[in-house]
Amino acid sequence: MKKFLIVTIAFFFGMGLFAQDKIWFEQPAYQWDNALPVGNGRLGAMVFGETQYERVQLNEESVWTGSRYQFTDKNGAYKVLPEIRQLLFDGEYAKAQELCKNEFMGQESWNMYQTLGDLYIETQHGKNIANYSRELDLNTAIARTKYTIDGITYTRELFSSNPQQALIMKISSDKPKAINLSLALKREKDANVIAQGNSIFMHGQVTAGGADMQGVNPGVNYFTALRAIPFGGEIEPKADSLIITNASEVLIYLTARTDYWGANPQTESIKDIERIEGMSYEQLKASHISDYQALYKRVNFEIEAADLSHIPTDKRLEAVKGGNEDHGLAVTYFNFGRYLLISSSRPGTLAANLQGIWADGLTPPWSADYHININIQMNYWPAEVTNLSECHLPFINLMDSLRTHGRETAREMYNSRGFCAHFTTDAWYWTTAVGEPEWGMWPMGAAWGSQHIWQHYLFSQDISYLRRVYPILKEASLFFVDYLIEDPKTGYLVTGPSSSPENKFETPDGKISNITMGPTMDMMITRELFDNTIAASELLGEDEAYRKELQKLVPRLSPIQIGGDGRIMEWTEEFKEPEPGHRHISHLYALHPGDLISTTRTPELAAAARKTIDYRLAHGGGHTGWSRAWIINFFARLGDGEKSYENLLELFKHSTLPNLFDVHPPFQIDGNFGATAGIAEMLLQSHAGEIHILPALPQAWSSGKISGLKARGNYEVNMEWDNGRLIEVVIKSISGIPTKLRYKEHLVDVNISAGESFTYRL
Ligand code: FUC
């Protein structure tokens with residue numbers, strides 16, 4: 001029936017290229033993770049769209065428990081390092097793991113990213129609601145709720161303005177003096193609320209939530225200010241609420257600051273409010289839209305699809321889950337991914353965490369922290385290729401900020417220079433190995449993160465940036481100069497004790513273990529970090545002696561190996577795998593996001609990589625949203641558009657909420673970003689020394705166009721294709737670097753100066 005409906009609608013509305021930039025519903029969100037997110041990189045909200053008791057859940061990115069440098073590594077841990085390594089070389093995995101846990105790893109203690117609180121808007125609009133709609137307009141970054149009751153239509157618009165650093169809301173009606181409501185700010189805990197004049201203030205110092213969280217340290221002081229301006233009608237404070245009667249329109253400004261950056265949150269948030277006053281709503285909205293569109297409009301993606309914009313997003317997703325075709329949904333998902341990055345990561349803000357900036361309650365899943373054994377890196381995969389280079393900078397700052405504590409960790413745990421970080425960190429930049437060895441004993445977080453430092457350069461060609469960040473690359477690599485050790489069996493240099501993120505293996509004596517020397521992913525990351533540091537030092541003409549030292553180490557690094565069954569080996573030995581469909585596919589790092597494996601340069605390894613993915617998938621792999629998103633990228637790198645698309649559909653079917661948020665489960669934003677990058681990767685690749693057009697185009701997208709994607713070497717690429725064949729590609733060179741252009745079997749040289757465009761037509 002549903003299929004019939006969609007086919008019929010497609011027939012009536014025809015096929016064509018349509019903007020796919022609305023997410024909309026015919027009902028409010030009944031749970032938090034179905035609400036609609038807005039954000040300016042720092043200040044966010046989840047809009048439920050209720051009519052009678054509207055909840056706007058609020059976030060400010062620095063609302064964290066804990067404080068700077070409270071985490072300590074185990075003093076002198078490095079003294080047991082040789083013993084652990086020897087045990088591992090001797091195959092005594094269980095003993096080594098125990099020693100790691102008891103005498104090597106640091107003290108466990110968690111901090112939480114928390115909600116800022118909620119804005120409630122109460123009306124008498126409980127029954128007889130007609131013409132209800134709730135939407136997120138990705139083109140303008142505005143959330144809108146609209147409904148009619150007793151012949152009067154009410155509209156609420158909300159956006160998070162970057163220029164004004166405020167949430168701005170307008171409530172209007174199509175008849176004068178019809179708006180009656182009350183406004184309240186609430187927080188489950190740690191909140192002092194007062195209403196005064198036309199304002200409400202809420203402030204406090206955040207502490208841990210939940211009985212089991214008593215040991216967690218208190219965190220930042222925050223201050224939230226709300227000001228309501230009714231046009232016509234009355235406003236009056238009552239206890240901690242504002243009561244508005246008979247207004248024709250109401251404007252609401254909400255600002256919030258914490259003392260995370262050292263400033264006084266009260267002074268700052270009041271200043272933010274005062275800066276807005278005197279501006280009309282139309283001015284505020286126009287400045288928000290132009291700020292947002294300066295980023296969002298750089299890319300335009302359209303594929304030939306049926307115009308299903310009349311069907312609410314949740315119903316479209318349901319239809320896709322039921323096996324129906326909806327090619328436009330992928331475009332909306334892609335647009336939403338870019339929207340989310342712009343909304344959660346702007347220059348000068350903290351990096352987007354596991355939930356971007358959107359988290360409810362006091363104890364969000366995994367503390368909504370910065371897991372750096374894939375998740376936060378994945379958040380930034382779409383940044384460069386989808387032309388949001390400046391949104392990448394908060395992640396690069398995160399890497400930089402890890403250095404202070406990371407040096408201590410390098411020294412105390414590994415007696416090494418440089419810096420390192422383990423599997424996760426938070427707003428206080430801790431780097432210690434904590435928790436179970438299964439996830440905690442992995443010192444590669446900063447090294448993986450350093451890949452982004454180099455990629456930002458490759459895309460932007462900004463040499464002064466490279467000069468600024470070179471010390472981070474150098475320090476990240478310097479750690480490995482001291483830390484690597486020769487494997488007595490093979491003679492190669494290896495990392496360890498370490499894990500293949502969160503995976504386990506069966507030891508020859510039948511025990512389950514996690515820790516080895518030189519897991520494959522570690523070695524891929526190390527090799528890449530050395531290569532990137534060498535390339536950067538060459539470009540900058542700096543540090544020749546150090547470069548030479550690294551160049552000598554590279555050939556000694558333990559290489560990628562193919563196992564007896566033709567798959568890439570995850571560890572240096574072929575262990576039995578207790579969980580063959582494991583969600584991390586770490587040993588394919590070199591296929592994506594790395595580039596040491598490619599179909600053109602290392603076809604044998606590429607074939608082994610494909611076997612590795614097939615094996616994981618055959619055993620239930622890809623079951624978390626982010627894992628599925630990674631697989632889309634792997635297949636794109638292998639040039640298999642149909643498989644990429646199949647996995648995108650799987651992501652829609654099993655790991656996508658009605659508002660298009662990715663689910664682990666629960667909601668985790670990495671899958672949104674990973675799949676957005678995957679879609680871009682299907683259309684354009686530039687990791688193998690050439691710009692590859694439509695490397696993995698699926699049949700479902702056989703006609704379409706995209707403009708504004710970026711390629712390494714600082715190119716902007718526009719292209720159009722029809723019936724699965726490229727029609728035209730225009731490459732604009734911003735930096736004038738020579739390159740090659742590949743489309744299927746065609747390979748042409750591109751030698752144009754900065755500012756010039758090269759057009760290639762078939
Ligand atoms: C990684 C993953 C988990 C989860 C967590 C936040 O450690 O292994 O699946 O995504 O991060």
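In the predicted model described here, the axes of helix H19 (residues 641-654) and helix H20 (residues 670-683) come within 11 Å and cross at roughly 155 degrees, where axes are lines fitted to C-alpha atoms, for helices over the stretch in contact, and angles run from 0 to 180 degrees between N-to-C directions. H19 is therefore roughly antiparallel to H20, given that angles under 35 degrees count as roughly parallel, over 145 as roughly antiparallel, 65 to 115 as roughly perpendicular and the rest as oblique. Helices (H or I, at least four residues) and strands (E, at least two) are DSSP runs, numbered from the N terminus. The two helices H19 and H20 cross in a left-handed sense, a crossing being left-handed if the near helix is turned anticlockwise from the far one by less than a right angle, and right-handed if clockwise. On the H19 side, Gly 641, Ser 644, Tyr 645, Leu 648 and Leu 651 meet Gly 671, Ala 675, Ile 679 and Met 682 of H20, contact meaning heavy atoms within 4.5 Å. Sorted by class, the residues of this contact of H19 with H20 comprise six nonpolar, three polar and no charged, where Ala, Val, Leu, Ile, Met, Phe, Trp, Tyr, Cys and Pro count as nonpolar, Asp, Glu, Lys and Arg as charged, and the others, Gly among them, as polar.

The loop between H19 and H20 holds Pro 666, and the peptide bond from Pro 665 to Pro 666 is cis, with omega near 0 degrees. A cis peptide bond is also found from Gly 496 to Pro 497, with omega near 5 degrees, and Pro 497 is placed in the loop between strand E22 (493-494) and strand E23 (505-506). In strand E7 (residues 130-137) lies Asn 131, whose phi is near 50 degrees, a positive value in a residue other than glycine. Most residues other than glycine have a negative phi, and most peptide bonds are trans.

H20 also packs against helix H7 (residues 327-344), the axes of H7 and H20 coming within 9 Å and crossing at roughly 125 degrees. The two helices H7 and H20 are therefore oblique to each other, and their crossing is left-handed. From H7, the contact draws on Ala 330, Tyr 333, Phe 334, Phe 336, Gly 337, Arg 338, Leu 340, Leu 341 and Ser 344, and from H20 on Gly 671, Asn 672, Phe 673, Ala 675, Thr 676, Ile 679 and Ala 680. Ten nonpolar residues, five polar and one charged make up the contact of H7 with H20.

A further helix pair is formed by helix H11 (residues 403-414) and helix H14 (residues 463-483), whose axes come within 11 Å and cross at roughly 5 degrees, which means that H11 is roughly parallel to H14. Here Arg 403, Arg 407, Ala 410 and Tyr 414 of H11 meet Pro 471, Ile 472, Glu 475, Phe 479 and Tyr 483 of H14, and the contact of H11 with H14 has six nonpolar, no polar and three charged residues.

At the level of domains, the assignment gives domain 1 (2-64 + 116-296), domain 2 (73-106 + 369-595) and domain 3 (704-761), with bounds that come from an automatic or database domain assignment. The C-alpha centres of domain 2 and domain 3 are 34 Å apart, and the contact takes nine residues from domain 2 and ten from domain 3. Between domain 2 and domain 3 the buried area is about 770 Å², of which carbon and sulfur atoms give 50%, buried area being the accessible area (1.4 Å probe) that two parts lose on being put together, summed over both. Of the area that domain 2 buries against domain 3, Asn 387, Phe 459 and Gln 461 supply 60%, more than any other three residues.

Residues are numbered from 1 along each chain as its sequence is written, and side-chain values use heavy atoms, with hydrogens and water left out. As this is a predicted model, local features need pLDDT of at least 70 and side-chain atom pairs count only at pLDDT 80 or more, whereas totals for chains, interfaces and linings use all residues.
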